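Student: I am new to this structure and would like a close look at one part of it, the place where the ligand is held. Could you take me through it carefully?

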Amino acid sequence: MNPGANEYVPSWFKGDVSDSKQTASSSSQQSSSSSDPPPKLSVSLPPPRKIVLTTTTPSSNTSQKPNQQQAQTAPPSQSSTQENAEKPDAVVSEIAKVSIDEQQASTNKTKDEKPSESAAASAANGSSSKIEQSAKSDAVDDELENEMEQGPGDSIANLLDQSDGRKTVNLVFIGHVDAGKSTISGHLLYLTGNVDERTMEKFEREAKAKNRESWKYAWALDLTDNERDKGKTEECGRASFTTESRRFVLLDAPGHKSFVPHMIGGASQADVGMLVISARKGEFETGFERGGQTREHAMLAKTSGVRQLVVIINKMDDPSIVNPDGSWSKERYDECVKKLWPFLASVGWKQGDVSWIPASGLTGMNLKHVPDKSICPWYEGESLIDTLDHLKPPERLVSAPVKLPIFEKYKEMGGLQLLGKLEAGRITLNDKLVLMPNKSEFVVDGIALEENDTSVAEPGDNVRLRVKGIEEEDVRPGFVACSPDNLVSVASVFDVRLMILEHKSIITAGYSAVMHIHAAVEECTIETLIGKIDKKTGKLEKTFPKFAKPGTTVVARIRMAQSICVEDFKSFPQLGRFMIRDEGRTIGVGVVLKVRE
Ligand code: GTP
Ligand code: MG
């Protein structure tokens with residue numbers, strides 16, 4: 001990889017820059033083969049959620065769907081329409097300066113991050129579930145990423161959260177439609193005792209009555225009639241389970257292209273992506289090679305801040321691919337891994353952060369226990385649950401001020417409930433927090449992790465707060481709860497580095513689309529194309545270009561229709577990375593370089 005392309009952005013983005021052509025072309029291939037363009041995304045619609053309560057007793061295995069508050073009533077604080085007074089030249093030189101500063105941080109980086117053939121082969125031959133980490137290059141990347149994750153004066157500490165000492169990890173299941181995400185999720189809940197035998201039998205009876213018997217495990221997550229009738233997840237299902245050393249929050253994203261915004265919502269709350277791939281004959285090809293959602297999901301998960309990926313090559317039991325003696329086909333598994341890996345690497349996934357597992361969500365094989373040697377003689381890695389148990393725990397910003405982007409709000413028994421992922425800091429009962437951008441103060445009256453009341457929420461937790469002092473109309477998804485003495489910045493104009501992935505034509509100043517940034521979904525306009533990045537040198541090659549083509553990376557000034565909570569990527573990445581979408585397609589991904597006004 002070209003060292004010059006390392007400016008501005010962390011290591012995960014560098015892969016994109018040098019390989020943007022490849023990524024763009026694969027994305028456009030994807031779009032061109034999509035026969036059924038999804039409907040245009042409503043600008044203000046937040047991704048809805050549902051909550052699955054899963055416990056070991058059938059009586060308490062009820063589902064509760066929070067009121068899905070679509071109304072976006074509270075206007076954020078004054079949206080600035082004032083033109084930026086800075087001279088364009090000053091902007092360019094400032095950006096050039098940032099690039100020089102950051103280049104310094106990456107001068108040590110010389111190693112090409114592209115995975116070697118042998119790495120793919122090592123996953124494929126089943127000798128290990130995890131491709132060996134390229135320690136040297138990752139060390140440099142991690143240093144840079146850590147540096148970017150630590151706010152000024154803040155230290156990253158590993159935490160022992162929850163009283164039982166288990167660390168919480170948020171998983172999001174992603175991948176093409178029908179790959180088996182909900183089936184694996186439901187089966188995991190069953191195998192970990194979170195869906196009991198009687199409930200499973202009930203699902204089986206009901207699924208059979210609808211001629212959908214093979215969806216019985218999926219029914220633990222697909223709760224609505226619509227989802228069950230069609231056999232397709234529409235909203236992110238949610239549940240939790242524990243293993244020996246971890247507590248997992250599981251988010252089951254929809255695979256259908258019409259529901260990508262919901263998938264993005266799920267990915268923004270997750271630490272680990274579970275990319276499910278169907279190995280069934282024809283399905284792998286549709287999901288990956290012929291423009292399915294596999295590529296888009298893998299890329300969006302990366303952009304959303306997911307740090308580790310477990311690739312589950314599913315449906316290994318399927319008659320279309322098993323060997324004549326009934327054992328799992330190593331050839332098919334190898335084929336899937338070898339085709340997937342170059343793409344994953346091209347969107348920035350690193351070897352050490354990706355694990356590979358052959359599995360059958362339907363039979364449960366390799367979910368909890370590795371398959372018998374008669375079924376899979378060539379696999380020597382761990383089962384899915386063991387792999388999850390041994391993942392690196394995500395690093396958390398424990399001592400930082402509170403930052404909690406709100407994904408959802410609803411009223412329950414008269415109390416206002418806010419849901420979000422606590423990105424930094426600890427929240428305890430009776431804490432006074434401020435909701436930005438409106439600066440409304442509120443008091444934390446109750447804290448729940450999944451369905452359990454607790455007195456403290458730790459960074460990384462997907463938390464539900466019961467709050468006092470504000471009304472439902474004061475909150476919108478995308479607002480951020482903060483410590484009163486350290487408020488998040490609010491802006492409607494900021495400079496970004498944007499990689500344009502696919503678009504039917506060139507992009508010029510004035511182009512409008514929808515930005516997804518942490519939990520916020522708002523309309524944005526490219527106000528100025530400040531410069532184009534040279535792919536070879538990574539420098540601004542052309543200032544104020546008239547247009548930008550798909551496949552190029554630009555520095556641009558963006559104006560939002562409304563002010564949003566946003567931070568420079570460098571100071572707080574969770575609030576500084578975004579994707580823009582238009583007419584159901586992901587047009588670009590990027591990071592915020594500088595918040596302006
Ligand atoms: P969406 O929610 O629509 O994106 O699909 P999904 O990825 O959640 O897939 P789902 O779990 O609903 O499964 C789709 C179909 O694949 C169902 O008929 C499942 O029974 C089947 N399926 C899932 N896993 C396996 C497996 O391991 N082997 C076989 N043979 N079929 C499977
Ligand atoms: Mg599903």
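Tutor: The surroundings of ligand 1

Ligand 1 is surrounded by 23 residues (a residue counts if one of its heavy atoms lies within 4 Å), and the closest are Lys181, Thr183, Ser214, Thr233 and Asp317. This is a predicted model, in which local features need pLDDT of at least 70, side-chain atom pairs count only at pLDDT 80 or more, and totals for chains, interfaces and linings use all residues. Residues are numbered from 1 along each chain as its sequence is written, chains are lettered from A and ligands numbered from 1 in the order in which they are written, and side-chain values use heavy atoms, with hydrogens and water left out.

By class, the shell around ligand 1 holds five nonpolar, eleven polar and seven charged residues (Asp, Glu, Lys and Arg count as charged, Ala, Val, Leu, Ile, Met, Phe, Trp, Tyr, Cys and Pro as nonpolar, and the others, Gly among them, as polar). Helix α6, residues 181-191, gives the most to this shell, with three residues (helices are DSSP runs of H or I with at least four residues, numbered from the N terminus).

Turning to polar contacts (pairs of N or O atoms within 3.5 Å), a polar side-chain atom of aspartate 317 lies 2.7 Å from a nitrogen atom of ligand 1, while for aspartate 318 a side-chain N or O atom is 3.5 Å from a nitrogen atom of the ligand. Asparagine 314 has a polar side-chain atom 3.2 Å from an oxygen atom of ligand 1. Of the 650 Å² of accessible area that ligand 1 has on its own, the protein covers 97% (areas come from the Shrake-Rupley method with a 1.4 Å probe).

Technical notes. A polar contact is a pair of N or O atoms within 3.5 Å; within protein, one must be able to donate a hydrogen and the other to accept it, and residues adjacent in sequence count only if both atoms are side-chain atoms. Helices (H or I, at least four residues) and strands (E, at least two) are DSSP runs, numbered from the N terminus.
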